[in-house]
Amino acid sequence: MTIHSDNAASSTHLFRSERTFTVWRYGVGHSQLLLRAVPDGANTACLDLLFEDVKAMQLVTHYESIELHPAGEDEAQQILDFSGVASTWREKYLVVSLRSRSGSGFVLCRRITALQGGDDPFGPHGGIEERDVIWSIRR
């Protein structure tokens with residue numbers, strides 16, 4: 001899949017969910033960002049978006065009805081320049097726009113995984129081990 005695409009292709013979503021996601025955790029050591037939708041009246045399990053090897057991000061605190069899109073060519077170039085990633089490594093990263101009713105943002109990373117499972121948002125240790133992968137993309 002090519003992330004650096006023309007603007008018409010960038011309107012295609014990679015992932016979409018009507019649920020509300022909150023910025024749950026960012027770990028500097030492993031460069032992982034976790035957005036979590038907790039159980040609510042209509043959904044009995046957590047739904048997580050785990051971004052790995054994060055090099056740059058701009059976020060709002062929560063996303064109502066989230067969509068992930070490949071960044072358009074100009075936007076991707078601006079994000080890559082902002083990130084400071086060397087030009088020789090840039091093709092190894094996903095440049096993803098986050099869009100929702102409550103705000104937008106972006107993430108520059110190597111892998112994104114959607115995981116579902118568990119009815120306790122904090123889990124036994126706040127982990128994601130017992131969750132099932134329902135979608136994934138990597139560079």
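**Figure 1. Overview of the chain.** Of the contacts in the chain with a separation of 6 or more, 66% are between residues 24 or more positions apart; a contact means heavy atoms within 4.5 Å. The model is predicted: local features need pLDDT of at least 70, side-chain atom pairs count only at pLDDT 80 or more, and totals for chains, interfaces and linings use all residues. Residues are numbered from 1 along each chain as its sequence is written, and side-chain values use heavy atoms, with hydrogens and water left out. The secondary structure comes to two helices and nine strands, where helices (H or I, at least four residues) and strands (E, at least two) are DSSP runs numbered from the N terminus. Along the sequence they follow the pattern α-β-β-β-β-β-α-β-β-β-β. The chain has 139 residues, of which 45% count as buried; buried means under 20% relative accessible area, exposed over 50%, and partly exposed in between (1.4 Å probe, protein chains only).

**Figure 2. The open sheet of nine strands.** The strands are arranged in the order β4-β7-β6-β5-β1-β2-β3-β8-β9, with antiparallel pairing. Two strands pair if DSSP finds at least two bridges between them. At the edges are β4 (56-58) and β9 (132-138), each of which pairs on one side only. From one strand to the next, the twist averages 30 degrees. Axes are lines fitted to C-alpha atoms, for helices over the stretch in contact, and angles run from 0 to 180 degrees between N-to-C directions.

**Figure 3. Strands β8 and β9, and helix α2 on the sheet.** Six bridges link β8 (residues 111-116) with β9 in the antiparallel sense. In this pair, T113 stands opposite S136 of β9. Helix α2 (residues 73-83) packs on the sheet and touches β4, β6 (94-100) and β7 (103-109). The direction of helix α2 makes about 60 degrees with that of β7.

**Figure 4. Strand β1 and its partners.** Strand β1 (residues 15-27) runs antiparallel to β5 (residues 62-70), and six bridges join them. F15 is placed opposite L68 in β5. With β2 (residues 32-37), β1 pairs in the antiparallel sense over five bridges. Here G27 is opposite Q32 in β2.

**Figure 5. Two serines with positive phi.** S31 lies in the loop between β1 and β2, a hairpin with four residues between the strands. Its phi is near 50 degrees, a positive value in a residue other than glycine. S31 counts as buried because its relative accessibility is 15%. S65 is found in strand β5, and its phi, near 60 degrees, is again a positive value in a residue other than glycine. With a relative accessible area of 12%, S65 is buried.

Figure 6. A disulfide is a covalent bond between the sulfur atoms of two cysteines. The search criterion is a pair of cysteine sulfur atoms within 2.5 Å, and a search of the whole structure finds zero disulfides. C46 counts as buried, at 0% relative accessibility. C109 is also buried, at 0% relative accessibility.
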